[in-house]
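Take a look at the model below. This short report walks through some of its parts, one at a time.

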Amino acid sequence: MSSNHRLLVKNAKQVVLICNDGEKYLTKHAMQNLCVVENGSVVIGSDGLIEAVGPAEVIRAQYSEASFDKVIDATGMCVLPGLVDAHTHPVWAGDRVHEFAMKLAGATYMDVHRAGGGIHFTVEHTRAARSSELLASLRSRLVRMQRAGTTLVECKSGYGLELQTELKMLEVIEEARRTLPINISSTYCGAHAVPKGKTVAEATEDILQVQLPRLKEQMSAGSLRVDNIDVFCEQGVFDLSSTRSILQAGKDMGLNINFHGDELHPMNSAQLGAELGALAISHLEEVTDEGIAAMATARTAAVLLPTTAYILRLPQPRARDMLDAGVIVALGSDFNPNAYCCSMPIVMHLACVNMRMSMPEALVAATINAAYALGRSHTHGSLEVNKHGDLLVLNATRWEHLIYQLGGHQELIRYVVIKGNVVYDNEKTVDL
């Protein structure tokens, strides 16, 4: 082969493919049996897609005449797919560090909410912020996520709760998608809370009659690309009936259903999501056995957020029960002013310790399954031919160190690559 290629990563101690047969997700025992090539190499073509992956000697022979824009010698290192963060709220203004002190003193999430804090505090500041301010803070947050290994991230609106600010947030996400290398899945979350001074019925009517029709116009005109629709289905927020109406309207517009459910109270959100054909449901700290069974049957992904349960001292999501039932389990950071975590390696560590997942299960949940939850597992989430050339190179001889070393990713991740381009070159890694 003599054509030019974008990147060769050669001689890695381990190349973790995750899977190698075109699987869109993994469940049960398949999550324990990762596809790993010992002493492997990866070739990414000029189009940014993976062209070849396999044993180093095979790649060396196949590409002996090829030229590469860049070559990374990964001797003694590990190569993994880029991590996928399936749930974040990264567009907002207003600092809520003071609320962390309130929670440490015993205030619950809803205590803070009723005191005028929480989502309403952030809504007030986000409405007042200029688009340029929101974009600048979003960029810095996404760069931090990227440095921690995230190459595909879901980004929600939801701190506007009225048309103009929701559109402003979605436009900021769209601008980030156009100008940053990180891959973005955009989510309209206008039903994140009931605006002050409105009833649930009034808020629902505004979303159905004002916000969604305008969003549909923008999408049809090509000025906005939105992928998912989200609702916070919860006591005191949006009930099952309102949630159903909003999610169905979004689905009718071509959006994937991907919503907050069964977080603080068992609302039967999981059953509703399964019935509507939801792609994913997040949180699920209070999901019932019936909800778990319904999600497994419907192939609706469970996006578990161990940071939220940790910070709010909530019961942990029942990951083991979901895994045993065959649910497609994914992970997200839930990055937001309440759960300020940019790092999927820390999320995977918490999933293992607090939710009793194994390290292979956690990695699957943060790669192929998280990509599935965003409708992207055909292009992301594993190192397979024709998928995006998104990967991490770790300065470690075993991939498990990324999860094992709590907070150690800053010294472990040597390179972050998106579509064959090195977007983070970290010279500050340390040898184990």
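## Helix 5

Which residues are buried in helix 5? Keep in mind that this is a predicted model. The buried residues of helix 5 are Leu134, Leu135, Ser137, Leu138, Arg141, Leu142, Met145 and Gln146. An α-helix has 3.6 residues a turn, so residues three or four places apart point the same way. The buried residues of helix 5 have several packing partners. Among the helices, these are helix 4 (118-128) and helix 6 (163-179). Among the strands, they are strand 7 (150-156), strand 8 (183-191), strand 15 (413-418) and strand 16 (421-425).

Now check the length. Helix 5 covers residues 131-147, which is 17 residues. At 1.5 Å a residue, helix 5 should span 24 Å. The C-alpha atoms at its ends are 24 Å apart, so the two values agree.

## Gly149, just past the helix

Where is Gly149 placed? Gly149 sits in the loop between helix 5 and strand 7. Just after helix 5, Gly149 takes a positive phi of about 105°. Gly149 counts as buried because its relative accessible area is 0%, and the cut-off for buried is under 20%.

Which residues does Gly149 touch, leaving out those up to four places away in sequence? The contacts are Gly82, Leu83, Leu392, Ile413 and Val416. Met344 is 195 residues from Gly149 along the chain.

## Two cysteines, no bond

How many disulfides does the structure hold? The count is zero. Look at Cys341 and Cys342. The closest cysteine sulfur to that of Cys341 is in Cys342, at 6.8 Å. The search from Cys342 leads back to Cys341, again at 6.8 Å. A disulfide needs the two sulfur atoms within 2.5 Å, so 6.8 Å is too far for a bond.

Are these cysteines buried or exposed? Cys341 is buried, with a relative accessible area of 10%. Cys342 is buried too, at 9%.

## Pocket and cavities

Rolling a probe the size of a water molecule over the atoms shows where empty space is left. The largest pocket has a volume of about 580 Å³. It is lined by 25 residues, and the closest to its centre are Arg144, Tyr340, Cys341, Cys342 and Ser343. Helix 5 gives two or more residues to this lining. So do helix 2 (97-104), helix 11 (306-312), helix 13 (344-354) and helix 17 (409-412).

How many cavities of 30 Å³ or more are there? The count is four. The largest cavity holds about 130 Å³ of space. Of its 15 lining residues, the closest to the centre are His89, Tyr109, His192, Asp334 and Asn336.

## An exposed residue: Thr297

Thr297 belongs to helix 10 (residues 289-298). Thr297 has a relative accessible area of 70%. The cut-off for exposed is over 50%, so Thr297 is exposed. Thr297 and Val327 are 30 residues apart in sequence. Their C-alpha atoms are 8.0 Å apart in space.

## The annotated domain

UniProt, in an unreviewed entry, places the feature "domain: Amidohydrolase-related" at residues 79-423. Over residues 79-423, the chain is 46% helix and 16% strand.

Definitions and conventions: Residues numbered from 1 in each chain as written. Predicted model: local features only at pLDDT ≥ 70, side-chain atom pairs only at ≥ 80, totals over all residues. Heavy atoms only, no water. Helix = DSSP H or I, 4+ residues; strand = E, 2+ residues; numbered from the N terminus. Expected span 1.5 Å × (residues − 1). Buried < 20%, exposed > 50% of the residue type's maximum accessible area, 1.4 Å probe, protein only. Contact = heavy atoms within 4.5 Å. UniProt positions renumbered as here; feature names shortened; annotations may be inferred. 1 Å grid on protein atoms, 1.4 Å probe; cavity = no way out; pocket = protein on both sides within 12 Å on 5 of 7 lines; lining within 4 Å. Points joined across faces, edges and corners; volume = space filled by probe spheres on them.
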